[in-house]
Amino acid sequence: MDLDEMKRMFLETDKILLTVTMIVSCLHSVFEILAFKNDIAFWNQKESMEGISVKTLWFQLIQSLIILVYLFDNDTSWMILMSSGLGLILEGWKITQASKVTRIEAFPYWTIEDTETYGQSPTKEYDDIAMTYMSWASFPMIGCYTIYSFLYEEHKGLYAFVLNTLVGCIYTFGFINMTPQLYINYRLQSVEHMPGRALFYRFLNTIIDDLFSFIITMP
């Protein structure tokens with residue numbers, strides 16, 4: 001957070017709201033650290049990818065990258081940028097845990113393959129089925145949102161249009177990404193493959209972020 005942002009926060013914010021939000025901000029940091037810690041611990045000890053939607057992990061990585069670029073482009077608070085950057089690194093690390101990453105001499109110098117516990121289990125089949133149905137629902141909605149953004153929203157240029165539209169699609173339709181994992185859970189009749197504690201702390205942070213946004217400038 002830069003000096004001007006701090007001045008604005010202390011001068012323009014009600015004292016009671018400021019005090020409450022400061023306490024909430026500390027809780028936000030604690031829950032964020034706990035979420036990262038439990039997420040890393042879960043994936044670090046994960047030996048089998050059965051029950052995990054690897055395709056969803058790729059989508060989460062792409063979404064995290066787009067959101068981080070958008071936050072940089074909008075001069076967001078460093079606290080939000082740091083959290084988003086760590087999230088991007090974590091999503092990339094998950095890919096290396098969920099897939100076989102091998103270095104080769106020719107371009108593109110790295111190959112990524114499915115692990116045996118994922119590729120040779122029903123999980124991959126369920127993942128493919130869910131992604132197919134998800135694409136049937138998401139692509140038309142993304143197309144409609146793109147047309148709406150082009151016709152009714154103002155953009156500085158082509159880059160801003162593409163970036164803002166992508167972020168708008170993520171925030172509006174991002175919940176659809178849960179479909180593959182939910183479908184896999186349903187077919188396997190189990191949720192033991194998911195990082196329960198990390199999801200719980202992120203759920204708490206979602207509530208805290210709403211309070212945090214009262215005093216921190218957010219795009």
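Q: Which residues does Asp39 touch, not counting residues up to four places away in sequence?
A: In this predicted model, Asp39 touches Leu90, Lys94, Pro195, Ala198 and Arg202. What makes each of these a contact is that heavy atoms lie within 4.5 Å. Asp39 itself is placed in helix 2, residues 15-44.

Q: Why does Asp39 count as buried?
A: The relative accessibility of Asp39 is 3%. Buried means under 20%, so Asp39 falls in that class.

Q: What makes Gln189 exposed?
A: Its relative accessible area is 62%, and the cut-off for exposed is over 50%. Gln189 is therefore exposed.

Q: Where is Gln189 found, and what is the value of its phi?
A: Gln189 sits in the loop between helix 8 (178-188) and helix 9 (196-212). Its phi is near 55 degrees, which is positive although the residue is not glycine. Most residues other than glycine have a negative phi.

Q: Why is the aromatic pair of Tyr145 and Tyr148 called tilted?
A: By the ring-pairing rule, with centres within 6.5 Å, the count comes to seven aromatic pairs. For Tyr145 and Tyr148 the distance is 6.4 Å centre to centre, with 45 degrees between the planes. The distance meets the limit of 6.5 Å, and the angle is neither under 30 degrees (stacked) nor over 60 (edge-to-face), so the pair is tilted.

Q: What separates Tyr145 and Tyr148 in helix 6?
A: About one helical turn: the two are three residues apart in helix 6, which spans residues 122-152.

Q: Why is the pair of Tyr145 and Phe173 edge-to-face?
A: The ring centres are 6.2 Å apart and the planes stand at 85 degrees. Edge-to-face needs an angle over 60 degrees, with centres within 6.5 Å, so the pair qualifies. Tyr145 lies in helix 6 and Phe173 in helix 7 (residues 158-173), so the pair ties together parts that are 28 residues apart in sequence. Both Tyr145 and Phe173 are buried. Together with Tyr148 and Tyr152, they form one aromatic cluster.

Q: Which residues are closest to the centre of the second largest pocket?
A: The pocket has a volume of about 440 Å³. Of its 21 lining residues, Phe59, Gln63, Ile142, Cys169 and Ile170 are the closest to the centre. Helix 3 (54-73), helix 6 and helix 7 are the elements that give two or more residues to this lining.

Q: How many residues of each class does the lining of the second largest pocket have?
A: It has 14 nonpolar and seven polar residues, and no charged ones.

Q: What does the secondary structure of the chain come to?
A: Nine helices and two strands, in the order α-α-α-α-β-β-α-α-α-α-α along the sequence.

Q: How do you know what part of the chain counts as buried?
A: Each residue is set against the limit of under 20% relative accessible area. Of the 219 residues, 39% count as buried. The accessible surface of the chain is about 13700 Å², with 66% of it belonging to carbon and sulfur atoms.

How values were computed:
Residues numbered from 1 in each chain as written. Predicted model: local features only at pLDDT ≥ 70, side-chain atom pairs only at ≥ 80, totals over all residues. Heavy atoms only, no water. Phe/Tyr/Trp six-rings, centres within 6.5 Å; stacked < 30°, edge-to-face > 60°. Helix = DSSP H or I, 4+ residues; strand = E, 2+ residues; numbered from the N terminus. Buried < 20%, exposed > 50% of the residue type's maximum accessible area, 1.4 Å probe, protein only. Areas by Shrake-Rupley, 256 points an atom, 1.4 Å probe, with all protein chains shown as cover. 1 Å grid on protein atoms, 1.4 Å probe; cavity = no way out; pocket = protein on both sides within 12 Å on 5 of 7 lines; lining within 4 Å. Points joined across faces, edges and corners; volume = space filled by probe spheres on them. Nonpolar A, V, L, I, M, F, W, Y, C, P; charged D, E, K, R; others polar.
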